[in-house]
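Biologist: I would like to learn how to read features in a model like this one. Can we take them one at a time?

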Amino acid sequence: MAKAVKKTKKSAKPVKTAKTAKTAKTAKAAKYVYFFGDGKADGKSEMKNLLGGKGANLAEMVNLGITVPPGFTITTEVCTLYYKNNKRYPKELKAQVEAAMAKVEKIMGKKFGDPNDPLLISVRSGARSSMPGMMETVLNIGLTTKTIPALIKKTNNERFVYDAYRRLLMMYSDVVMEKAAGVEPKEGEAIRQKLEHAMDAMKKQKGYKSDTDLTVDDLKILCDEFKAIIKHTLGKEFPDEPQEQLWGGIGAVFQSWMGRRAVSYRRIEKIPDEWGTAVNVQSMVFGNTGENSGTGVAFTRNPATGEDVFYGEWLPNAQGEDVVAGIRTPYPVNRAGKTADTQHLPSLEESMPQLYKQLFTTQKRLEKHYRDMQDIEFTIEDGRLWMLQTRVGKRNPQAAIRMAVEMMKQKLISKEEAILRIKPDQLDILLHPSVAPVAEKKAIFLARGLPAGPGGATGRVVFTADDAEAWAKKGEKVILVRNETSPEDVHGMHAAEAILTARGGMTSHAALVARGWGKCCIVGCSELVIDVHRKEVHVNGKTLKEGDWITLNGTAGMVYEGQLDLLPADPDKNPWYKELMKWADMVRTLKVRTNADTPGDATVAKNFGAEGIGLCRTEHMFFGPDRIKAMREMILSDTVDERKRALAKLLPYQKKDFIGIFRAMAGFPVTIRLLDPPLHEFVPHTDKELEELAQEMGVPFDKLSAKNKSLHEFNPMLGHRGCRLGITYPEIYEMQAQAIMEAACELAKEKIKVMPEIMIPLVGHVNELQKMREIVVSTANKIQQEYKVKVPYTVGTMIELPRACVTADEIAQIADFYSFGTNDLTQTVYGLSRDDAGRFLPVYIENGILEEDPFISIDQNGVGALMQMAVEKGRKVKKDLKIGICGEHGGEPKSVEFCHKVGLNYVSCSPYRVPIARFAAARAALRNRQKK
Ligand code: PEP
Ligand code: MG
């Protein structure tokens, strides 16, 4: 929201200029119309804000000496003034349009509206950034009952002229007389549909297959019929005056800026209303005058693969809309673009070799000039090639990476530009399998949730973790569908292809775990009504039963019915990706670590380029079947001795885990956090479990049950957790410190380099840290003496409470390092429960109260300001204090950039986000360099 407001202010500037120009006596009259044609243009490509993307590029092509049909651009400023002045144009506009039109007429040697030799024009919109589908083009403006005979005489092609006329009738009535006029027809009753229906009826009656089968006489009848339908449907005659058509077209473009489609597109893309659109008026050239004509669209490189081959489609004897609208199947532009399906179709290269050569040279020039892949439109009129448009072409992420790397190698762009051209999110697609776009387009949509784990997955619905595991063991692909997950579901989550939950936000258990494994996951999908007992889920009027197939697009948060095709992920086989990442590592200054709790995750992360572990959550190690028993025994113990006995059972497990992790991360630092979550997360949930435990511990059931109940907390997230556990039960942290140091000492004896960093969670007061540090240090000293080996270790803290930020200078006197726990910090700064926010945060985002979920991207003004304060205060006390982040934000590109800016040493994130963080860190370094 704030961003949009900022942009709005900036974009208001041109309007002010115009006003000043108008009121100042000495100033020249404001220029509202920019001419282009015959080697001369008033504008250039840098003038996108004023001329729109299309207008600026048309001017630039003319400046480059490329053949473009002459025309003029009415500026975006006119659009802004039009709305400001109650839909009136500035008074100078008419004369300026007339003057520009006269120039066009001179070049073309024809006059607009001339009953002897008429000039026809097109009217198109063109905003600063392309807005697909905002307004269709109106072609063939200037055809009237008076000019038609002249054009027939001139072209000697009556069929062509009537075909052009029926297209004008269709486009004009649709775009100008219906859409721009704000007419909202009922479903199936839009004027375009009615006219298409009439044309289809005629084709059917005559037994024609294609539009081109219509004869002159058919078209004449059809045009009369069209006019009658227009009059009847819209209550107005189709205008038979060229000037009326022209100004109708111009007005429609401006009207369309505030049309429903355009407004909603702008809301999504965060484009301010004040930008306005330009209008391009251009003389017509025709690709449908006969077999010596044609039209096409092309890309200077393949937009799907990125391969450096000229790629495009064309049709002989056709107008632009025939190629893009799918009315006729277009042909490949060259031999290289032919596939098995299109092998037999004539390419432009084969049909018109000379013109193809000219087109090929032009596209090469355009790409070189713009230093990026171009999307171009061209028309051939009676053997002459005209360029109609060039713009930076859209491409898929794989193609974007390949193009950036190859363009750097071809010296079109620098390494830095190559990095800045790729958005970190685009790498995601390479790291996970994804739903095939073709399949997704046709898929049946079921529901939408929060995109917690990117990538695509398809599988059969199961409702319990045990079922997930059992089905997977039988070789079935399953998707685990739950209201929410808990640590007890991890085996099923692991076995499943993907996880879908009805509740929870982006830092919910399901989201954290799935991201850690790089698993596709959608959470907070509130449309799901799950009935675990009947093993079915109701969603948007449908019922899915256990075993039914669904497909998730975890990158977009979309759930679909059925089994959709997936595209595999294999970054290691992608040489361009590998090269790009090498360059990124060369420029970044921020280190990237991972959040990992097992040797397996640590190895995956290391292979993704992690330079250490920034967070090992030790509590995740207590959920194995044997471990949880010992853990529960420890929690439900009444005395220190009992507790120590239970802890002694846990010690060997922890030690073994740490040995595995240290080994996997040999030579890199490993931050291990001591126990953090509220104890009741581990306690038995059923009487059966409690009974078993009572027997094992030799304690009466009632006593154990009472103790269990006594652990209940009203607000566990702010309750007995974090270092508060270490304060009340120091023996827990003692055991953990012992396990860490024994593991480290054993490996040190094997000459393996270990670098443990022991981290105390949820510190709010320096004295908490002081006490915990004493425990860790005395245990560590003891172990080192026992093992007779020295292991360098440090003791630091998480900064995840506002008080820790505010007193960071006091804490720095005791801490060797800081790691921001931005999950809890966001929760506590905002006073937002991280477990429950998923229910209402989406409404905040929808209503524009928040631009983004603060659990996804750091709230820079609030949470970020406290982080900055903590960094400054901490480094005032210890200049070189090592500071990192291990909250979920550590893998989110914007947050990574923020961390770079405030001077953190590293970010830590889930293994599968490591490459994205590395890349985001490189972009942050480059962008900050640019700013300086
Ligand atoms: C945090 O709070 O940001 C953090 C990393 O710890 P956890 O998510 O385990 O509370
Ligand atoms: Mg935390």
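Predicted model: local features only at pLDDT ≥ 70, side-chain atom pairs only at ≥ 80, totals over all residues.

Biologist: Where is Ser 637 found?

Modeller: In the loop between helix 24 (625-636) and helix 25 (640-664).

Biologist: Which residues is Ser 637 in contact with, leaving aside its neighbours within four places in sequence?

Modeller: Glu 642, Arg 643, Met 697 and Lys 707.

Biologist: Now the metal. Which residues coordinate the magnesium ion (ligand 2)?

Modeller: Begin with the donor atoms. Glu 800 (OE) and Asp 824 (OD) coordinate the magnesium ion, at 2.0 to 2.2 Å. The two residues are 24 apart and link distant parts of the chain. Glu 800 sits in the loop between strand 31 (794-799) and helix 31 (802-806), while Asp 824 belongs to helix 33 (residues 822-830).

Biologist: Are Glu 800 and Asp 824 buried or exposed?

Modeller: Both Glu 800 and Asp 824 are buried.

Biologist: On to ligand 1. Which residues come nearest to ligand 1?

Modeller: Of the 14 residues around ligand 1, the nearest are Arg 617, Arg 673, Gly 821, Asn 823 and Arg 834.

Biologist: How do I read the polar contacts of ligand 1?

Modeller: Glu 800 places a polar side-chain atom 3.0 Å from an oxygen atom of ligand 1. Thr 822 has a backbone N or O atom 3.0 Å from a ligand 1 oxygen. For Asn 823, a polar backbone atom is 2.7 Å from an oxygen of ligand 1.

Biologist: How much of ligand 1 does the protein bury?

Modeller: Ligand 1 taken alone exposes 290 Å², and the protein buries 96% of that. Strand 28 (613-617) and helix 33 are the elements that give two or more residues to the shell. Helix 33 gives the most, with three residues.

Biologist: How do the residues of the shell around ligand 1 divide?

Modeller: Into seven charged, four polar and three nonpolar.

Biologist: Last, backbone angles. Where is phi positive in a residue other than glycine?

Modeller: Lys 87 is one case, with phi near 60°. It lies in the loop between helix 4 (76-84) and helix 5 (93-108). Lys 411 is another, with a positive phi of about 65°. Lys 411 is in the loop between helix 15 (397-409) and helix 16 (415-421).

Biologist: Why does Lys 411 count as exposed?

Modeller: Because its relative accessibility is 74%, and exposed means over 50%. Lys 87, at 44%, counts as partly exposed.

Key. Residues numbered from 1 in each chain as written. Chains lettered and ligands numbered in written order. Heavy atoms only, no water. Helix = DSSP H or I, 4+ residues; strand = E, 2+ residues; numbered from the N terminus. Contact = heavy atoms within 4.5 Å. Donors = N, O, S within 2.8 Å, 3.2 Å for Na, K, Ca; no water. Buried < 20%, exposed > 50% of the residue type's maximum accessible area, 1.4 Å probe, protein only. Near = heavy atom within 4 Å. Polar contact = N/O pair within 3.5 Å; in protein donor to acceptor, adjacent residues only side chain to side chain. Areas by Shrake-Rupley, 256 points an atom, 1.4 Å probe, with all protein chains shown as cover. Nonpolar A, V, L, I, M, F, W, Y, C, P; charged D, E, K, R; others polar.
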